[in-house]
Amino acid sequence: MTKETIAVIGATGLVGRTLYDIVDKTRYEIAVVGRSVEKVRSVFPEAINHMDWDGFKDSEAKDYAVIINLAGSGVSEEKWTDAYKQVMIDSRIGATEICVNLCAKNPNIHLINASAVSAYGFYTEPFIRFTEDDTDARKGTAFLQSLIDNWEAAALKAEATGNSVVLLRTGVVFDATEGPLPQMMKPFNMFIGGKIGTGRQMMSWISVEDEARAINFLLDNRRITGPVNCTSPGACTNAEFAKALGKALGKPSFFPTPAFIIKAAMGQMGDELIVKGQHVFPKKLLDAGFEFKHQTIKAYLDEAVAKG
């Protein structure tokens, strides 16, 4: 059987590395793309090709069956100055435009492009449960919402040349040793953990294992297109998360942090990412038969803390 070639963009990140490990190498050959050829080669020595952005941009579109674009600078890595906001925009839109340009040369490429639950807006109350059909029900405006709108619009341009496109609307990705969870554990380990603000804001999360498994599932089920919510079906409130994390760590969770402190310390980033949230439900994945390994925050945190 002839193997299909997949190009994975942003492959050296947490999700990319986890995905690489689970993709069936008997069916697919993987080309990896990152900022540095040396880095992607050191992380993925067995990949069939290692490219930086210039190499990928000039590569042969006919070689690819699927492009999985996970590129984008972290939304919580730096303070949201005007300059860093532009970095967040350029890193996403620029990478996506390169992918779309390759798609224009080969209408058979299936594009799986990163996105985020920020597409649904931000709320201090539970509001409604958003499925993929409910984008138009959102209210309000926010920087990340606008960024996601432009990011998705850039990816969907590939449909004009006949390519199929998936938009991965991903929630907060949890891992026991990397990403936001270890940072969120710190105040609990200092015995000052607790809810943020009212604690009623919703957190739509997913384990890195389920995120990678969902992308792999979409790779094998290409009839699924458009927005796909990559979130656990067990979204929780911030207060529920704090209680579960405190119990998992064996630490108290009754020291609330007022919302105004988060806003004062972190500005717009804190307001959108921590004080507010949204309730997102993975209807398309569940309807298609995908089974989540981690469905409740308590069970996941118990496992993550034991593993970490």
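Visitor: Why is Ala61 called buried in this model?

Guide: Its relative accessibility is 5%, and the cut-off for buried is under 20%, so Ala61 counts as buried. Bear in mind that this is a predicted model.

Visitor: Where does Ala61 sit, and what does Ala61 touch?

Guide: Ala61 is in the loop between α3 (53-57) and β4 (66-69). Leaving aside residues up to four places away in sequence, Ala61 touches Leu102, Lys105, Asn106 and Ile109.

Visitor: What makes Phe191 partly exposed?

Guide: Phe191 has a relative accessible area of 46%. Buried needs under 20% and exposed needs over 50%, so with 46% Phe191 is partly exposed. Phe191 lies in the loop between α6 (180-189) and β9 (202-203).

Visitor: What is the phi of Phe191?

Guide: Phi is near 65° there, a positive value in a residue other than glycine. For context, most residues other than glycine have a negative phi.

Visitor: Why is the pair of Phe56 and Tyr64 called tilted?

Guide: Start with distance: the ring centres are 5.8 Å apart, and rings pair if their centres lie within 6.5 Å. Then the angle: the planes are at 50°, while stacked needs under 30 degrees and edge-to-face over 60. That leaves tilted, so that's the label for Phe56 and Tyr64. Both residues are buried.

Visitor: How many aromatic pairs turn up in the whole structure?

Guide: The search finds 13. Ring pairs also link Phe174, Trp205, Phe241 and Tyr300 into a cluster.

Visitor: Which ring does the charged end of Lys25 sit over?

Guide: The ring of Tyr20, with the charged end 4.8 Å from the ring centre. Arg92 lies over the face of Trp151, at 5.1 Å from the ring centre.

Visitor: Which residues make the contact between α6 and α8?

Guide: From α6, they are Leu181, Met184, Met185, Phe188 and Asn189. From α8, they are Phe241, Ala242, Leu245, Gly246 and Leu249. By class, the contact has eight nonpolar, two polar and no charged residues. Phe241 also belongs to the ring cluster with Phe174, Trp205 and Tyr300.

How values were computed
Residues numbered from 1 in each chain as written. Predicted model: local features only at pLDDT ≥ 70, side-chain atom pairs only at ≥ 80, totals over all residues. Heavy atoms only, no water. Helix = DSSP H or I, 4+ residues; strand = E, 2+ residues; numbered from the N terminus. Buried < 20%, exposed > 50% of the residue type's maximum accessible area, 1.4 Å probe, protein only. Phe/Tyr/Trp six-rings, centres within 6.5 Å; stacked < 30°, edge-to-face > 60°. Lys NZ or Arg CZ within 6 Å of the ring centre and 35° of its normal. Contact = heavy atoms within 4.5 Å. Nonpolar A, V, L, I, M, F, W, Y, C, P; charged D, E, K, R; others polar.
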